[in-house]
Structures are given as C-alpha cells and as structure tokens.
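Please examine the structure shown below. The report that follows considers selected features of the model in turn.

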Amino acid sequence: MTSLTDPHKPAFRLSQLIYDTRYRSMTIQVVAMILLLTAFGWLINNTVENLGALGKDFDFSFLGSRAGYDINQMLIEYDNSMTHGRAALVGILNTLLVAFLGCITATIIGVFVGVLRLSKNWIVSRLMAVYVEGFRNVPLLLWIILIYAVMSESMPRPNDFRGEDPSASMILGDSVAITNRGIYIPRIGFSNSLSGNEAVAPIEGATPLATGAIDWILVFGALALSVIAVRYVRKKATITQEATGVRPTTWYWQIAILVIPVLIVSLFLGLTFSSPYLKGFNFTEGTHLRNSLIALWIALSLYTGAFIAEIVRSGILSVSKGQSEAAFALGLRPSWTMNLVILPQALRVIIPPLISQFLNLTKNSSLAIAVGYMDVRATLGGITINQTGRELEGMLLLGLFYLALSLLISSLMNVYNNSKKLKER
Amino acid sequence: MSDTHAQTVSYVRDTMLPQAEPPLRDKGAVKWMRENLFSSWLNAILTVLSLFVVYWIVSHLYPWFANSVWRAGSLTECREIRDATVGSDAPSACFAVIADRWQQLLFGFYPKEYYWRPVLALVVFLVSLWPVLFDNAPRKMLFFTLAAPFIMFALLWGGPIWGPLFVALGFVLGYFAYELVNKSAGPLAATLAAIILPLLYWFYLVGPLAGLFSSVAPIGFEYVDSKDFGGFTLSVVIGVAGIVLSLPLGILLALGRSSDLFLINKVSVGFIEIIRGVPLIVWLFTASLLLNYFLPPGTNFDLMLRVIIMVTLFSAAYIAEVVRGGLAALPKGQYEAADALGLDYWKAMRLIILPQALKISIPGIVNTFIGLFKDTTLVVFIGLLDPIGLTNAIRASTDWNGVYWELFVFIGLMFFIFCFSMGRYSLYLEKKLQREHR
C-alpha cells in the first residue's frame with residue numbers, strides 16, 4: 001500500500017491548456033486579450049482612416065482659440081472673445097450649479113416625502129404615494145418640458161406688474177418677481193468688494209449670477225471655520241459629558257459661533273441686497289434666474305426626490321421594530337430613539353442608493369438641452385463642436401468630464417459609506 | 001351573609017344588560033377619521049394641509065377637464081366652441097388635438113394603410129411574453145417566443161420575409177452544430193462550432209441566399225423605412241429591443257465583473273464604469289455623430305439601429321450592477337455547494353447561482369427596464385420622432401400652434417400606464433418567487 005516513491009509526474013502536454021483547470025484560465029485570458037487588442041486595433045485603425053479621409057487630425061488646440069459665442073448664464077466672467085476652453089469651464093460650472101442645487105432640494109423633498117409616506121395619516125400617505133408614483137413613472141424629459149412650459153406660458157409678463165392696478169405683484173415684500181422670463185431675486189453685492197468687480201454692469205442678455213469671487217470665498221471661508229469651531233465645541237461637550245455625566249448646554253454658543261463671524265465679514269465687505277424693479281420692458285437690478293435654470297432645477301428635484309423618498313422609506317422600514325421597542329424599554333425619549341438608534345441604522349441602508357441617486361441627478365442635468373440651459377453639454381458638447389467641427393475631441397472631453405465627476409462623487413461617498421459601515425468581526 | 005347583604009344593598013341587577021351600541025366617537029367613519037386623520041395635533045394639521053392641497057389641485061384642474069372640447073379641427077375652433085359654451089375666460093382643455101392626431105402620436109409617420117402591422121407586432125409581442133411572464137402557459141409556446149423577434153421585425157419593417165427567416169435559421173444551425181459536435185468531439189469544440197458556424201453563415205451566406213429567394217419569390221410586406229417610425233411605436237420598439245438584448249448582455253457583464261480571471265474582470269469593470277459614468281444623452285450623440293468614425297470607411301447604417309445598440313449597451317451596464325448585487329448577496333455556501341457537486345462553471349451558474357441571484361435582483365432589473373423605457377424619450381435630441389418630438393411637430397402646424405398641456409397629459413398618461421404596470425408586475429413576481437419568511 002505505502003509507496004515511498006514520488007508520484008509519477010506527467011510531462012506537460014499541450015491539451016492541458018484546455019482541459020486542466022490550472023492552465024485553462026490562462027488560456028482563456030490570453031485568447032480574450034488577443035481578441036480585445038484586435039478589436040481595439042480595428043477601431044483605432046478605422047478611426048485613423050476615417051479622420052484621414054476627412055482631412056482631419058486629432059488635436060485639442062481648438063480649446064485655446066476664440067469661442068465667439070455668448071453664454072446666457074455664467075458664474076465666472078466670460079464674453080465671446082474668450083476661448084473655447086473658458087466657455088467649456090463656464091458650462092461645467094453651470095452643470096455643477098444645477099446639480100448641486102438639485103441634490104440639496106431633492107434630498108429635502110425625498111426625506112420629507114419618505115417620512116410622510118409612512119405616516120399613519122391616511123390622506124397624507126396616499127397623497128405622497130400619488131406624488132412618488134406619478135414622478136417615478138413619467139419620463140424626466142416630460143417633466144422638464146412641462147415645468148418650462150408652465151413657467152413661460154402661465155406666469156405673468158413683466159408688463160403685468162406695471163400700472164396702478166397691476167394684475168401681478170411681486171412677492172416677499174416686493175423683492176421677488178416671478179415672470180414668464182424667469183424669476184428675479186435680490187442680488188447680493190458687496191459695496192467694499194475686494195475684487196473691485198462691483199462696477200461691472202450686467203451684460204445685456206447675459207446673467208452674471210455672482211460677482212466678486214474673492215468676497216464669496218471670504219464669506220464661505222468664515223463659515224467653514226465656524227463649522228470647524230462648532231465641531232470642536234461639541235467634542236468638548238462630549239468629553240465633559242463622559243467625565244461628569246452631565247452635558248453642558250452649548251447651543252447658544254454654537255449659534256453664536258456660526259452666525260457672528262459670517263456677519264462680521266459680510267458687514268466688513270459691505271453686504272447689500274438690491275431688489276429688482278421694473279425699468280423699461282423688463283426688471284433690472286436683482287439676479288435673474290432664467291426659466292431654463294428654474295425648470296431644470298425644479299424638475300430634477302421633484303423627479304429625483306420621488307426616488308429618494310422610496311429609498312428613505314425602505315431605509316426606515318429596514319430597521320426592525322425591536323430596535324425602537326428596545327430603545328423605549330431603556331427609557332430613551334422618542335427624539336433620542338430616532339437620533340441614536342433608528343437613524344444610524346437606517347442611514348446605513350439609505351446612503352449607498354442615495355449616492356447613486358445624486359449621480360443620476362448629475363448625469364440627468366444633461367437634459368438641460370431640452371430647455372436651452374447652457375451646461376457643459378451645450379457649450380463644449382454643442383456649440384463648440386458645431387463651430388470647430390471637432391466632434392471626436394469634444395465628445396471625448398465631455399465624456400471624460402462626466403466620468404471624472406461620477407468617479408469623484410462615488411469615491412467620496414464610498415469613503416463616507418465605509419466610515420459608517422457595520423464593522424463585522 | 002347573603003341575607004344581610006341583600007338587606008344593605010337596595011338593588012342588585014340580576015339580568016345581563018343588552019349590548020349597547022359603541023359610543024359615536026368609537027365607531028364607523030368617526031372612529032376611522034379619529035384614528036387615521038386626527039390622531040394628534042400634528043396629524044390634524046397635516047390632514048387639513050393635505051385637504052387644502054387636494055382642493056387647490058382639483059379646483060384648478062377640474063374645470064379645465066370638465067369644459068374640455070373633444071371635437072374641433074384646430075385650436076382656434078376649440079376656443080370658439082369654448083367661448084360659445086362656457087364663456088371666454090373659463091379654463092378649457094382642447095383634447096380635440098388628441099382626437100385629431102392620436103394616430104400620429106401612436107405611429108409617427110408610419111404609412112396609414114399599414115397601421116395594423118405595428119398593432120399586430122404588439123399582439124405578437126404580448127403573446128410571446130405570456131409563457132415568459134406567467135407559468136400557466138403551455139411550454140410549447142416558448143418556441144413561438146423564440147420566433148417572435150423575427151416575426152415582429154418582418155411585420156414592422158416589412159421587406160421580403162427571407163431576410164429575417166434566414167437570419168433566424170442561423171440560430172437553428174448553431175443549435176444543431178452544438179448537438180452534433182457535442183456527441184463526437186465534446187462540449188468545448190461544440191461550443192466553438194455553435195458560435196463560429198452561424199457567424200460564418202450570417203456573414204457570407206444570408207445575404208446571397210435572401211437575395212436569391214427574394215428575386216425568385218418576392219413574398220413579404222411593403223418595406224417601411226426607419227425614419228417613418230415615430231411616436232409610441234418608436235418608443236416601444238427601442239425600449240423592447242433594448243430590454244430584450246440588454247438582459248443577457250448585462251448578466252454576462254455581471255459574471256465578468258465577479259469573475260476571478262484578472263483580465264476579464266478588469267475589462268468588465270472598465271466597461272461598466274465608463275458606460276455608467278456618462279449620461280445617456282452623451283452616448284446618443286456619440287451614436288449619431290461619432291459611430292461612423294469607429295467603423296470601416298463607407299459603412300453607414302440606420303440611426304435607429306445605432307440608437308438601439310447604444311441603449312442596449314447603456315442599460316446592460318446598469319443591469320450588470322443590479323445582477324452583481326444579487327450575486328454578491330448569495331451566501332458563499334451556495335458557490336461551495338455547487339463546486340462540491342462537481343459542476344463546472346457554466347453549469348453551476350446556470351443551475352444554482354443565477355436562478356437565485358436573478359430572483360433577488362428582479363426589482364432592480366425591472367426598475368432598470370422602466371428607466372430604459374422612460375429614457376427612450378431622449379432620442380428626440382438626435383432627430384428621431386418620439387412622442388415628445390411629435391408634440392413639437394404637431395405644434396408646428398398652424399392648426400395646433402400653442403397646444404401644450406393636452407399633449408403632455410396624454411403622453412404622460414401613456415408612459416405612466418406602461419411603467420406603472422411594469423412596476424406592478426415586478427411586485428407580483430417578487431411575491432410569487434418569495435420562498436422563505438412567509
């Protein structure tokens with residue numbers, strides 16, 4: 001039975017490449033590699049041939065040449081004598097603006113609706129169900145066009161605000177005018193501006209949404225520092241609580257730290273609100289939010305909000321009832337039960353799909369094309385391509401921008417998700 | 001004891017009282033309202049607020065619907081009828097535009113005399129779905145399901161029936177090649193034969209054969225060009241083609257992404273992330289502007305086909321992620337059990353892993369399909385006439401210049417019906433496949 005000799009070692013045979021599992025995976029990968037490289041080579045070869053036939057080359061220098069077209073909404077300075085690259089940047093900022101605004105409002109709507117849909121109140125939960133199903137089952141494009149049509153067809157004309165007995169009036173203490181050309185809100189300006197941009201008059205037909213980048217950076221910098229300080233105060237309160245068992249009352253400190261520095265910086269810069277007023281045929285002063293921005297923003301928020309509501313609802317339902325019963329049995333107050341027991345567990349379920357909804361919203365903002373909002377698809381992927389005839393380069397850059405944005409958002413959120421994840425064993 | 005007691009107490013009830021009615025606040029509608037609408041202050045406020053919202057919406061929309069005009073030739077005629085019946089400042093919907101143009105909204109510019117063809121194709125599609133969606137259908141029906149795509153193609157586009165017929169024969173050829181070679185040379189060679197033979201046949205034989213038969217026996221329907229497709233026909237054709245093609249591709253990609261083979265894994269990850277990272281609209285523009293760059297010089301094929309390819313790749317990436325979630329959610333023991341039984345990779349996947357993983361991912365897959373169907377509206381931006389594109393075309397005519405809401409309501413309602421029923425089916429399927437936690 002026992003044999004001391006080594007087992008017979010067969011020589012390597014070629015058929016082992018196919019039938020032996022140790023080698024087969026290598027074979028498959030080599031074959032796949034060859035096929036893949038052939039396919040890539042074929043595509044690149046075709047592209048080179050086609051470009052050659054059209055007399056085109058592959059060159060990104062068009063980004064440095066003069067754009068020659070106007071953009072009707074911009075966050076940074078731009079006019080048509082600037083480059084295509086600058087125009088693309090303006091478009092990128094517009095995309096980011098509507099995506100950012102949309103993410104915030106969609107989250108707020110989603111959380112409210114998701115919670116209300118679980119309400120025991122019959123009519124409220126039904127109403128929310130109608131909202132969610134209505135928005136989830138109808139294309140976003142239709143909502144965008146519909147809201148745009150409501151804005152531009154059903155809202156009063158600027159002319160209606162005129163006269164002794166106007167048929168339309170401004171709201172919020174004569175500071176906001178909702179017209180069929182868009183919404184006019186007070187413009188925030190700085191009279192002691194550090195960048196000296198205050199003198200720049202609004203360009204005809206264009207909307208500079210913000211002027212004086214340095215001032216804004218200062219204000220937001222102060223806010224960021226305040227937030228850090230508030231966190232520090234909270235941490236100290238927690239340390240005291242752990243040492244003595246009593247949590248010191250700090251909420252007025254927190255509010256003071258949050259508000260006072262921003263207020264001081266704003267007063268130093270000379271914060272002014274200039275309300276819009278009628279002049280000629282239209283409103284002047286104030287910031288003009290175009291219908292395209294408003295329609296896109298509202299539609300994206302309502303549409304994504306419906307999806308987020310479902311996510312929030314399923315997240316809350318996923319926390320088993322025993323958890324809240326246990327918390328009540330421990331004598332925690334309802335608000336503490338929510339904050340310390342239910343929410344942390346629900347968030348773990350909510351966050352990953354929420355991230356992908358944010359990504360979807362950002363990508364869906366490219367539907368701006370339906371209402372003529374000048375996002376990056378309209379500038380870089382639209383007018384620039386049409387003017388320079390560089391489809392390949394333009395679309396490549398456009399795709400890379402969206403890809404980079406998606407990867408950035410998802411990796412940031414993954415970091416957050418990992419920090420909140422259930423630590424197992 | 002009892003005697004004394006009887007004397008101290010003046011009256012003792014010795015009969016049961018009849019059951020009393022519950023108090024008014026604890027029965028019927030009042031009780032229901034107290035429990036469901038006014039259980040607390042917050043709820044009462046919410047109820048009043050919601051009632052106000054409902055009232056506001058209904059009071060604005062009801063007159064519009066109630067005064068609607070269904071028979072008129074143009075918007076101005078609509079307005080005249082409204083002025084004559086309810087007065088000039090009353091809101092009134094002009095649904096006459098739907099009555100006038102519903103054919104266009106459903107079929108686009110498909111020739112009028114052939115409207116029965118898309119309708120018949122839809123019927124074929126629904127019948128072919130029956131054995132797939134519900135298990136009370138006879139199993140033999142599955143053969144009809146397999147033939148359905150070719151029948152639908154022949155019905156929708158027309159042309160000689162030999163083209164779709166010979167293409168379909170390629171699959172039959174592949175099947176027989178597999179069966180024959182499997183007996184003599186084993187499964188690997190059989191698989192290769194089943195892939196290579198039909199490919200050769202499609203590339204070199206189908207064209208001449210179909211051409212020959214068409215010239216000898218030109219049987220078939222009148223050819224309809226892709227550019228005549230429009231409206232919901234277009235949406236449904238693109239949507240259904242995308243759904244049918246993207247499911248197998250998505251499953252393959254998901255298997256690739258969870259594969260141990262380094263290269264295959266990385267290629268799948270790259271493909272999925274690139275497709276998912278870029279909006280569909282950019283891919284559609286790529287299809288319409290750039291696809292010609294990547295193909296051999298001189299190739300030029302149908303825009304609709306390009307769109308279908310792009311939509312398929314796009315939703316395949318999303319389905320891959322959903323299915324990957326299902327694969328990851330399976331306990332490891334299932335994989336190990338499959339290995340322990342000595343099943344090879346494909347058998348293990350086919351018999352053990354995928355049925356369970358797909359069951360878990362049904363809601364996600366159906367959601368992706370709903371998303372795909374809604375996304376078919378984006379083709380309007382590359383010049384195809386989907387329902388939303390047709391609203392512009394309808395508004396462009398002098399008769400209906402200025403009609404917005406009626407068209408949007410109609411289109412929204414159609415999409416809602418399609419998508420909502422898909423969602424309900426997914427719920428039904430989830431319940432039916434639920435085997436545990438009864």
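## A residue at the interface of two chains' contacts

Is B:Thr286 buried or exposed? B:Thr286 is buried, because its relative accessible area is 10%, where buried means under 20% relative accessible area, exposed over 50% and partly exposed in between, with a 1.4 Å probe and protein chains only. The residue is found in helix α11 of chain B, residues 280-294. Helices (H or I, at least four residues) and strands (E, at least two) are DSSP runs, numbered from the N terminus.

Not counting residues up to four places away in sequence, B:Thr286 touches A:Met395 and B:Leu291; contact means heavy atoms within 4.5 Å.

## Basis and confidence

This is a predicted model, in which local features need pLDDT of at least 70, side-chain atom pairs count only at pLDDT 80 or more, and totals for chains, interfaces and linings use all residues. Residues are numbered from 1 along each chain as its sequence is written, chains are lettered from A and ligands numbered from 1 in the order in which they are written, and side-chain values use heavy atoms, with hydrogens and water left out.

The pLDDT, the predictor's confidence in each residue from 0 to 100, averages 85 over chain B, and 97% of the residues there score at least 70. For the complex, the predictor gives an ipTM of 0.85 and a pTM of 0.85.

## Nonpolar cores

A nonpolar core is a set of buried Ala, Val, Leu, Ile, Met, Phe, Trp, Tyr and Cys residues joined through side-chain atoms within 4.5 Å. The largest one has 162 residues, and B:Phe229 and B:Leu284 have the most contacts inside it. Another core, of nine residues, lies apart from it; among its members are A:Ala67, A:Tyr78, A:Ala87 and A:Ala378.

Beyond its neighbours within four places in sequence, B:Leu284 is in contact with residues including B:Val307, B:Met310, B:Leu378 and B:Ile382.

## Helix α7 of chain A

Helix α7 of chain A covers residues 251-269 and contains A:Val265. The expected span of a helix is 1.5 Å times one less than its number of residues, so the 19 residues of α7(A) should span 27 Å, which agrees with the 28 Å between its end C-alpha atoms. Buried residues in α7(A) are A:Gln254, A:Val262, A:Ser266 and A:Leu269. After the helix comes A:Gly270, with a positive phi near 75 degrees.

Leaving aside neighbours within four places in sequence, A:Val265 contacts A:Leu218, A:Val219 and A:Ala222. The C-alpha atoms of A:Val265 and A:Thr107 are separated by 30 Å.
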